[in-house]
Amino acid sequence: MPDAPQLTVCMPASRDTPLFRQALRSALDQDVEGLEVIVSDDSGGGLEVAIREVGDERVHHVAQPERLGFARNHTTVLDAARGEFIAMLHDDDRWLDGYLETAIRHLRAEPDLGMVCSDVWLEWEDGTFRRRRDRPAAGRYDRWLSTVMAHNVFIPSATVMRREVWDRVRREWPDVVIGDVVLWIDAARAGIPMRWVDEPLVVYRMHAGQVSADQRRHRDAGVTVFGGYVFPEDERAERLRRSRVAHYLIGRAGLRMREGQVAEARNDLAEAARISPGRQRSRRLVLSGLAGQPWLLPAAARARRIVRGQRARLDG
């Protein structure tokens, strides 16, 4: 085997689309030495043509013989990484110039630093860009479990970590659309220092085809992931975790009400009230009232559509 690279780019992918090709190109265009890219192809080989057309020997194509799914495709390609540093890139995102160089510079400057995470540009299908308002302050975080719970900003495409971090926190992830969130939760619980770069160095695509676009799957996943933890060692993080679970339960209850699953919605609302009584209390009470009077659901749905239409016109 050749010498280990400085950095391995892990791309869990399954779709040969223009977005995948742009993502791959953005990785290869990074101005860093000793880079390899491993594409874990969960389509069984459908990405071979796109990779062959790139014609770059730094790219290694691994066609998985059996379907791995979202979570296992991530952990499998991470296991294959040989670099001193590991970066992940989803097949519908892209890196801007200087992203890897910035991350590596911070990791070299702070030998005990485990991860570097950066802000992103959210790119919408109409071509507009914006940044998230709710994000951490720039700087180093040694104790950041509460930060993970408070900010929904930690994503694979905007994270570079030392190989030792993966060796330390490696486990099977929940097989749900946001199962990758456990990487940052587990790293924070393990006391691995993280630096947040408050500069958008990554473009995160918001589109109908992304795996988290399905609202029902996303809410189910939130209940599964955040409901799978308890943080007795950190009171604030535990309070925030409970609030996260309640948020997903209330959102799922709303979807279930629209689908006519009134009993299931009522159970979600009761559980949300139990674990985080103050979370979205007004919305929860409205939904609970509708669950008790299901004949009002059609009128409530019409009113909701009218309000959304008015908001859309005002935004336009």
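Author: Contact here means heavy atoms within 4.5 Å. Helices (H or I, at least four residues) and strands (E, at least two) are DSSP runs, numbered from the N terminus. The model is predicted: local features need pLDDT of at least 70, side-chain atom pairs count only at pLDDT 80 or more, and totals for chains, interfaces and linings use all residues. Residues are numbered from 1 along each chain as its sequence is written, and side-chain values use heavy atoms, with hydrogens and water left out.

H8 comprises 13 residues, 215–227, and spans 18 Å from first C-alpha to last, close to the 18 Å expected at 1.5 Å a residue (1.5 Å times one less than the number of residues). Ala221, Gly222, Val223, Val225 and Phe226 of H8 are buried, that is, under 20% relative accessible area, with exposed over 50% and partly exposed in between (1.4 Å probe, protein chains only). These buried residues pack against helix H5 (145–150), helix H7 (182–189) and helix H9 (235–258).

H9 in turn packs with helix H10 (residues 262–275) at an angle of about 160 degrees, the axes lying 8 Å apart. Axes are lines fitted to C-alpha atoms, for helices over the stretch in contact, and angles run from 0 to 180 degrees between N-to-C directions. H9 is therefore roughly antiparallel to H10, since angles over 145 degrees count as such, under 35 as roughly parallel, 65 to 115 as roughly perpendicular and the rest as oblique. Among the residues making the contact are Leu249 and Arg252 of H9 and Asp268 and Leu269 of H10.
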